[in-house]
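Colleague: I am new to reading protein models, and I would like to go through one slowly with you. Could we take the features one by one, with the general idea before each case?

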Amino acid sequence: MGDILAKYDVLAAFGMTVYLTVFSAVGALLLGTVLAIMRVSPVGVLRSLGAFYVNTVRNTPLTLILVFCSLGVFFILQLNLEPASSPTFLRDNAIRWAIVGLAAYHAAFVCEALRSGVNTVPAGQAEAARSIGLTFGQSLREVILPQAFRGAIAPLGSVLIALTKNTTVASIVSVSEASALMKVIIENETAGTAVFLVFAIGFVVLTLPVGMLFTTLSRRLAVKR
């Protein structure tokens with residue numbers, strides 16, 4: 001087993017998994033926050049657009065979204081996120097469009113996690129904010145969203161763990177992350193079960209500390225009522 005692991009760059013594969021997770025998580029958090037604001041907006045059109053995005057994306061397989069980003073947007077529409085003169089043009093575009101697809105998909109779940117956090121904020125606080133002259137945007141920024149994030153820490157942690165595991169789907173668009181390397185090793189070597197266990201333990205090492213961290217944060221930062 002040691003010879004097999006020495007033959008393949010397992011750490012680099014998990015490094016790509018972490019890379020996809022971090023940048024996709026940032027994109028999902030930003031887009032998900034915008035969607036959550038749209039869903040609680042007093043403007044009916046924005047609420048409808050936010051609900052349409054969330055319901056559509058959540059009911060679309062992640063595989064289909066990544067294939068659309070890679071084949072539809074990159075190869076067919078020729079929208080590049082890396083200059084064509086780059087020697088790693090195809091690889092870098094595959095990675096960046098995978099990040100876009102992962103972020104767009106998980107933003108819908110971030111949105112719903114934040115909306116659940118907004119629902120934990122007493123309605124009286126929003127009314128008090130309006131009574132002292134704060135606009136809707138100011139109320140969100142100063143009163144509602146800070147408490148919503150604190151109330152949504154646990155579900156946001158669950159979304160991040162799901163995102164980490166869902167990076168394995170990026171292998172279908174030729175991104176060489178951990179699951180893609182595992183498939184290559186199992187196809188080329190004989191120790192299939194042992195290789196699977198090694199990669200399974202690797203994902204546990206990545207996700208277990210995240211779960212423990214977010215559980216601790218949710219307890220410490222919970223809004224006392």
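Modeller: Let us begin with a helix, which here is a DSSP run of H or I with at least four residues, while strands are runs of E with at least two, both numbered from the N terminus. Helix α3 (residues 44-58) has 15 residues and reaches 21 Å from its first C-alpha to its last, close to the 21 Å expected at 1.5 Å a residue, where the expected span is 1.5 Å times one less than the number of residues. This is a predicted model, in which local features need pLDDT of at least 70 and side-chain atom pairs count only at pLDDT 80 or more, whereas totals for chains, interfaces and linings use all residues. Residues are numbered from 1 along each chain as its sequence is written, and side-chain values use heavy atoms, with hydrogens and water left out.

Colleague: Which residues of α3 are buried?

Modeller: Buried means under 20% relative accessible area, exposed over 50%, and partly exposed in between, with a 1.4 Å probe and protein chains only. In α3 the buried residues are Gly-50, Ala-51, Val-54 and Val-57. They lie on the same side of α3, because they cover an arc of only 150° around the axis, the arc being that of the directions from the helix axis to the C-beta atoms. The face of α3 turned away from this buried side carries the exposed residues Val-45 and Phe-52.

Colleague: How many salt bridges does the structure hold?

Modeller: Side chains of opposite charge can pair when their charged atoms come close. A salt bridge is counted when a side-chain nitrogen of Lys or Arg is within 4 Å of a carboxyl oxygen of Asp or Glu, and the structure holds three. One of them joins the side chains of Arg-39 and Glu-112 (2.8 Å, N to O). That pair links distant parts of the chain, since Arg-39 is in helix α2 and Glu-112 in helix α5 (residues 89-119), 73 residues apart. Arg-39 counts as buried, at 18% relative accessibility, and Glu-112 counts as buried at 18% too.

Colleague: Which other residue meets Glu-112 in a salt bridge?

Modeller: The side chain of Arg-115 does, at 3.0 Å, N to O. Glu-112 and Arg-115 are separated by about one helical turn, because they are three residues apart in helix α5. Arg-115 is partly exposed, with a relative accessible area of 25%. Through shared partners, salt bridges join Arg-39, Glu-112 and Arg-115 into one network.
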